[in-house]
Amino acid sequence: MKRFDFIQPATIEDALAAWEPGAVWLGGGTNIVDLMKTGAMQPDKVIDITRLPGLSEIETLPDGAIRIGSLVRNSDLADHPQIARHAPMVAEALLAGASGQLRNAATVGGNLMQRTRCAYFQDPTAACNRRAPGTGCDAAQAGDGMAILGWSEACIATNPSDFCVPLAALDAVVEVQGPEGAREIPVAAFHLLPGDTPDRETDLAPGELIIGVRLPAEATGFAANARYLKVRDRTSYAFAMTSAAAALRLEDGRIAEARLALGAVAAKPWRATEAEALLAGQAPDDALFDRAAEAALAGAAPSGGNAWKIDLARRTTARSLRMAAAGTPAEMPALPASPFGHSAEDHAHA
Amino acid sequence: MPDTLDTHVRFGSNSGQPITRRDGRAKVTGGATFAADNSPDSVLHAVYVPATIARGRVTALDTAAAEAHPGVTHVVTPQNRPPLQGDPSDKPTMFSFRFEALQDDTVRYAGQPIALILGETLEAATEGARLLNPRYEIATPRTGLDEAAHYTFDPDAFGKPADTVHGDPEAGHAAAAHSVDVTYETAPQYHNAMETHAVVASWDGDRLSLDMPSQALSMTCAGIAYYFGIPAENVTLRSPYLGGGFGSKAIPTGPYVLAVLAARMTGRPVKMMLTRQQMFGPVGHRGQTRQRLRLGTDAEGRLTVLDHAGLSATSTFDDFIEPAANASQGLYAAGALRSTHSAVRLDVGTPGPMRAPGEASGSAALECAMDEMAETLGMDPLEFRLRNYAETEPGTGKPFSSKALRECYAQGAERFGWADRPLQPGQMRDADGLRVGWGMGTAFFPCPMFMAEANATLRADGTAMVETSAADMGQGAWTALAQIAADSLGLPLDQVEFRAGHSGLPDAGVAGGSGHTATAGSALHAAGGDVIRQLGEIAAADPDSPLHGAGNAGFTARDGRLYVAGDDSRSDAFADILARAGGAEVSGAGSASRAPEAAEAHAMNAHGAVFAEVKVDPDLCQMRVTRLVGAFAAGRIINPRLAESQLYGGMIWGLSFALHEEARHDPARGHIVNADLAGYHVPVNADVHGLDVISVHEDDPYVNALGVKGVGEIGITGTVGAIGNAIWHATGKRVRRFPIRIDDLLGD
């Protein structure tokens, strides 16, 4: 591993002052440390932010919004009663991710900042426009395909986060501080599509630090009908092949408002606004959900031999809407976000 | 499994007791010393640079940059690599492979060592390896079964399986009233023992000391010694614990030889431990296969022919051809049997033995083809297998030494509830609307014996020490072999000191082929018997012994005493016999192998039946194995707890084979793109539940004096096919390629 400076600032101000080009923020380290070991990331300076004060709280603001500090551990957030009550699909998504040990270490800010698991991005000897601009895209050359929405010739990678999918659906906001002061970025606009500059992964400016994530008060209005669904080729500890976060606000037997986002299909959590518009005002039924899923994937195109993934994403979307319409379960399923969530013999939170 | 109150209390005999692993506490508390836990003074750390292309040539290395890195002491490349005394292309032992040890700049597979960095710290050596920044001339890699010419070969004892024909297959095809002709493929799989390969090597003159996990200590010493031009007895190998072996730790490979070479070159101890990524290349794997099965039956469903043709991938420079088609020999009573093998040379590391080599891949295809044949006949798959039950070995007509397969079928089917299975697929749904399917497969594995030796010493205080260079890969050799040894001496387990895992001990042979308990156990049994025989002679000749003059009646040993056979009123304690004889020790020796005439007289195999339930989401096609019931008959079970664990492990691997494991190659460079445990999937805990193992009683008077067959590998066989067949039964879709993936089931 390349040698690097390691500092542990005690205040946010010190942390921001310590930043310089070539520096990275270190939270739980569950992704960055792996990438430093393979050589895919070679920072000159690692700034450990886990000692910064005031970033580990979950609080309800006067307007009903929920503010989550960027250093809150994924497992603490998933188990928090406010989240279970007001944003259950956020908890469900968190519990569908990684493993218990990793969730104990991983932070909220780190989850937002995690890098694609594209094998070629992680392999420093591969051509990758995201990691090394201008080198090409070995992933596209390989032909299997990855993203089905929003990809470009330069990059076909997907964002691996489960957590960010319901956040995008619920209009969550990222709070950041930087050399130019504080600002807010909607989660749906936080990650960038690759275009010609896949190395620009987020809207963060150099030196900006995530302070927290805020779930707006209106997010809590979806709590009764909100589900996250994740399809994968083993039951736990695997990234999604496709996923979807679906939330419905039902009034008088009709969908007053729908929220829908797809995971593992693009370089960002994919907010399906056309499908949301199609659902609004309608009576929920299977045919409607199928049409909404069609609409959500209308712009999809395979980035290789993965046309099957469009089909699977459509099915995942329709199912997530059905699950949301059926109502948020009173208790977290034993296998969160899983088609096998009902299996009684399973251990909780596999 | 009922727990005993105190697992070291002896009830009757030691064998047959579900004693917990004697090394378990040391392992879970960190007290067990694995190879890489050793750090001798002044040790150097070795890191090899793996090729990142599969075919071509190394054109440049930044050796100066690597050498300049602080802490890097040596950069070894084909330019400056000191000579070996034995050619890496030679095969000094029966189970040797050709390997890469920096002979030249050719790249034959991704992951091949192309340089070696030595450093004062692991971090320095690792960074030196990165700085070497190899450049290549890349040739188009061949990693798929159709990307190079297929060939046939002359068989030899290891790695080149012979074709076998019994009866007239063409006549069998011609006579068939019903037939299937199906082709199955299996993916390349890589052993991923929890403990990656590791070695700590140090030289003292021409004597070599090794700490290194080994499934075959004596053979490993002989192999390493050959490459360095020293006698095998100059090599001392310590391998007390292996964190899994699975076949990949039986044979010295290139990385080991490079580490030993580095130690000789520098005059310092050298430690090397492979990274997880480095496990995908130079240390063996299960080669991919394509298998065509043509089955024919008469109108009543009796097989007229079972015709199995296997194509297996090997490397460009050596032959390990997965003997998959042999799985169709010895199991079903077909009128004619044919197993043929062909191969294709790909730009991959040489495959090698990986838990049930041949049997696992072959059984997967065979058991699915049998299911397809039953479907064609409109017959229940279990009934079809019973209709073709072999009472004697198919083809040869030899009697089986024992075969309780019928009981396995019956007990497994009963436990599973097989009788309620609808014949047609797609008939069952659970309360949540998930598709449910049931499938089954026959498990089958031969029970070979190798050669082993053991010593036993009865000490003056009546306790004993037994020794053999056995290997405990986690299967429980430290425990099961000690149980056998204690019984052979008539002593409680806690009065027997068992020494193993060291090359200075009598040769225990190979922990492989599911034959280690049978082989090393038989040697220990013989050694203990030799001691008791001598002790009896001493007692019978001693006028002060209650046993005086009873030699003709014979003695039995029990609880530290010798008894006159058939007369419990006359006995003498071991310690008393020895005390009167002047406090001497009594030492005995034993050896074991199977006599050729015994091997010729009977067909010897373990059998089993595996039943699987899967659930498949009807829209999302995500699959889950919800129940697995395996009933196995494998002769005498020395330790039911350990044997069950072995069978569980085998069945879980079967699940892994059926639904998860697959190394995927990049088409341009040929490297494996998922070479870590995040990308190379094996089942996690949440994938494994509803596991049920039934041990079916079996007495076998022919396999060996102990009646032990072995349980290490059989659990994989049968299971893969059972799961594939269950997925068909749930969905109506036959997927003829393992692992079965979600996208295989989409689009209906």
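**Cysteines, an annotated domain and a covered helix**

In the predicted model, C221(B) is buried, its relative accessible area being 4%. A buried position is also found for C128(A), where the relative accessible area is 7%.

In chain A, residues 1-220 carry the annotation "domain: FAD-binding PCMH-type", which comes from an unreviewed UniProt entry. This span of chain A is 29% helix and 17% strand, and its end C-alpha atoms are separated by 45 Å.

In chain B, helix α10 comprises 13 residues, 477-489. From the first C-alpha to the last, α10(B) reaches 18 Å, close to the 18 Å expected at 1.5 Å a residue. The helix is mostly covered, with twelve of its 13 residues buried. Among these buried residues are W478(B), L481(B), Q483(B), I484(B) and S488(B), and the buried set also includes A477(B) and L489(B). The elements of chain B that cover the buried residues of α10(B) include the strands β20 (464-467), β21 (496-499) and β22 (555-558), together with the helices α11 (516-540), α12 (574-580) and α14 (640-659). After α10(B) comes G490(B), which has a positive phi, near 65°.

Note on methods: Residues numbered from 1 in each chain as written. Chains lettered and ligands numbered in written order. Predicted model: local features only at pLDDT ≥ 70, side-chain atom pairs only at ≥ 80, totals over all residues. Heavy atoms only, no water. Buried < 20%, exposed > 50% of the residue type's maximum accessible area, 1.4 Å probe, protein only. UniProt positions renumbered as here; feature names shortened; annotations may be inferred. Helix = DSSP H or I, 4+ residues; strand = E, 2+ residues; numbered from the N terminus. Expected span 1.5 Å × (residues − 1). Contact = heavy atoms within 4.5 Å.
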